[in-house]
Amino acid sequence: MSTIAERGETSEYASEIQVYEPHKVGLPPLGTYLQQLWLRRDFAFELARSDLRSKHFNTVLGQVWLILNPLLLGLVYFALVEILGRRGGTIEGLAQLLLALFAFRLVSTSVSQGARSVVGGGRLVLNTAFPRTLLPLSAVLACFMIFLPTLGVYAIVHVAAGLPVTPQILWGVPIIAMMTVFAAGTAMLAGAVQVYFRDLTNFLRYMLRIWLYLSPVLYTAAMVPEKYKSFLYANPLYPPLTALHESVNLGQTPSARLLLLSLAWAAGTLVVGGLFFISREREFAVRL
Amino acid sequence: MLSASSKPAPALAEPPVAAVDSAVKVENLVMTYKTTIEKKPTFRKTLVRLGRRERVVRTIEAIRDISFEVPHGTVLGIIGVNGAGKSTLLRSIAGILPPTSGRIEVHGRVSTLLALGVGFKGDLSGRENVVLGGLAAGLTREQLEEKYDEIADFAELGDFMEMPMRTYSSGMYGRLAFSVAVNMEPDILLIDEALSVGDARFKEKSFEKMRELCSRASTILLVSHGLRAIRKLADEVIWLHQGEIAMRGEAREAVEAYKRFLDVRESDIAEEDV
């Protein structure tokens, strides 16, 4: 036993002290939590990058697919809308549809990937102490990386359609940022719920499809019949998608009301989704 | 050196309180948690169960009010039957499961080898998994780059490091996990049932590595059913039974008492790391 005592005396261990105590009201101390989260941001980036790499998006054909896939999807919807005779069949209409569709997909893929993220983190969640929010946030990051190149596709169609190129387009940056924040909140919510209900992703597929049809993507808000207009406000994606349409497609300053609504949805969802996730995350290790 | 602190140790002075030279301090720890019996809980099954008014959520009292301290440099063996709370105890010390009540103080950097931690993404290569696991554990990229070669060399996986981990055998898996855990220069190493990874030669090597870590004054908490390994490596043993400390003492004594409790004879089967 003496050897142990000797070793104890000669060592220097004051540097890192962790104290684990029960969480108050189910939440860990948020300051420390966010600090740990920020400290490990590299993990979120690396996970997103490795994930994309494993889906072969580091190859030339993979990257072509990255652009081709949403573009083809856009063309399919465009043809559909065309047959239903709702739009003029102009390239301008295509540009509007593509922008809304790409932005919508940023949110919908974030939600579905976020839902899988925690359960997909399996062993890591079981065996490493780290803020679990990194998993859904990394999923959103990956979806954002996939979203970026589609903006290039849109830019080409935008110019080809002769849509105005004005400084108002820059409004698109904060609007997309708000949509991404909203996506992050929803992804955390979905990721936590998926732990308790593993069939969530099955339902989610249909819910996201319905959400797409209820959002001003295949149509613009102006086309919605008067009697349904009030329902638009129940949709969190109505304000940002319409603001995006106004600023980027039409080159106007988006209405302040839409911007404020977008901001409220984004902030509200981030807080609710984030707090719900964090309050549940201590359970994940025993639920997986 | 990651573990070296900026402050020099107080030379020769008697530590005023026991906390100073304790690597791990557990005070009145209680761990209860709810879990489901279902492997994969689903919304559909929940609805069916609601119809039948069944409940599948079960509260488990894994740890019931235990306190102990582990001095720096001690190798502490933790033994006990399945479900005694050994893994829960290690997970709580690792900060994975916050305590239900009580307090845990950990002095130093913890590296965990809990039921083989790395390799959570089967589609990613061994290398990517090592990097991701390290980043999640809070290491920086630079630290990982520095350590990477050592980890890969020790695991002896060669080209497999660049292959997706789903192509690994369970032995290769274990070797990589062990290599990651011991090469992170931990102050405190938590090991759960993983001493028996790999083939006979690798076992030998991991044993040696453990010895080396002991001599480097690392603190090791070792959960194992391999009583021989516990007896050889541990200075002290805690025997957990139904979430309580049944006995704490010198390794040989505790192992003997535990064996009497289990009513097993001196057989190789009981001694071997299975």
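**Entry 1: chain A**

I began with the secondary structure of chain A and found 12 helices and one strand. I noted that the model I am reading is a predicted one. Next I read chain A along the sequence and wrote down the pattern α-β-α-α-α-α-α-α-α-α-α-α-α.

I looked up the extent of the C-alpha trace of chain A. Along its principal axes the trace spans about 90 × 45 × 40 Å. I then checked burial. Chain A has 288 residues, and 43% of them count as buried. I also looked at contacts in chain A with a separation of 6 or more. Residues 24 or more positions apart account for 81% of those.

**Entry 2: chain B as a whole**

I turned to chain B, whose secondary structure comes to nine helices and nine strands. Chain B has 274 residues, and 46% of them count as buried. For contacts with a separation of 6 or more, I noted that 74% in chain B join residues 24 or more positions apart.

**Entry 3: strand E1 of chain B**

Which strands pair with E1(B)? I found strand E2 (residues 57-71) of chain B, joined to E1 (residues 22-36) by 11 bridges. These two strands run antiparallel. I picked out one bridge here: Ser22(B) has Pro71(B) as its partner in E2(B).

I also found strand E4 (residues 101-107) of chain B, which pairs with E1(B) over five bridges. This pairing is antiparallel too. In it, Val26(B) stands opposite Ile104(B) of E4(B).

**Entry 4: Arg58(B)**

I stayed with strand E2 of chain B and looked up Arg58(B), which lies in it. Is Arg58(B) buried or exposed? Arg58(B) is exposed, because it has 10 other C-beta atoms within 10 Å, and a residue with 12 or fewer counts as exposed. Not counting residues up to four places away in sequence, Arg58(B) touches Lys34(B), Thr35(B) and Ile37(B).

**Entry 5: Leu50(B)**

I looked next at Leu50(B), in helix H1 (residues 43-52) of chain B. Leu50(B) is exposed, because its count is 10 other C-beta atoms within 10 Å. From Leu50(B) to Met163(B) I read 113 residues in sequence and 45 Å in space, C-alpha to C-alpha.

**Entry 6: helix H5 of chain B**

I checked the length of H5 (residues 170-183) of chain B. It has 14 residues and reaches 20 Å from first C-alpha to last, close to the 20 Å expected at 1.5 Å a residue. How many of its residues are buried? I noted 12 of 14, so H5(B) is mostly covered, with 20 or more other C-beta atoms within 10 Å as the cut-off. Among the buried ones are Met172(B), Tyr173(B), Phe178(B) and Asn183(B). After H5(B) comes Glu185(B), with a positive phi near 50°.

**Entry 7: the largest nonpolar core**

I ended with the largest nonpolar core, which has 140 residues. Ala103(A), Leu222(B) and Ile230(B) touch the most other members. Helix H5 (residues 91-120) of chain A gives the most to this core, with 15 residues. I listed the contacts of Leu222(B), leaving aside neighbours within four places in sequence. They include Val75(B), Leu76(B), Ile191(B), Ile230(B) and Leu233(B).

Methods: Residues are numbered from 1 along each chain as its sequence is written. Chains are lettered from A and ligands numbered from 1 in the order in which they are written. This is a predicted model: local features need pLDDT of at least 70, side-chain atom pairs count only at pLDDT 80 or more; totals for chains, interfaces and linings use all residues. Helices (H or I, at least four residues) and strands (E, at least two) are DSSP runs, numbered from the N terminus. Two residues are in contact if their C-beta atoms, placed from the backbone, lie within 7 Å. Two strands pair if DSSP finds at least two bridges between them. The expected span of a helix is 1.5 Å times one less than its number of residues. A nonpolar core is a set of buried Ala, Val, Leu, Ile, Met, Phe, Trp, Tyr and Cys residues joined through C-beta atoms within 7 Å.
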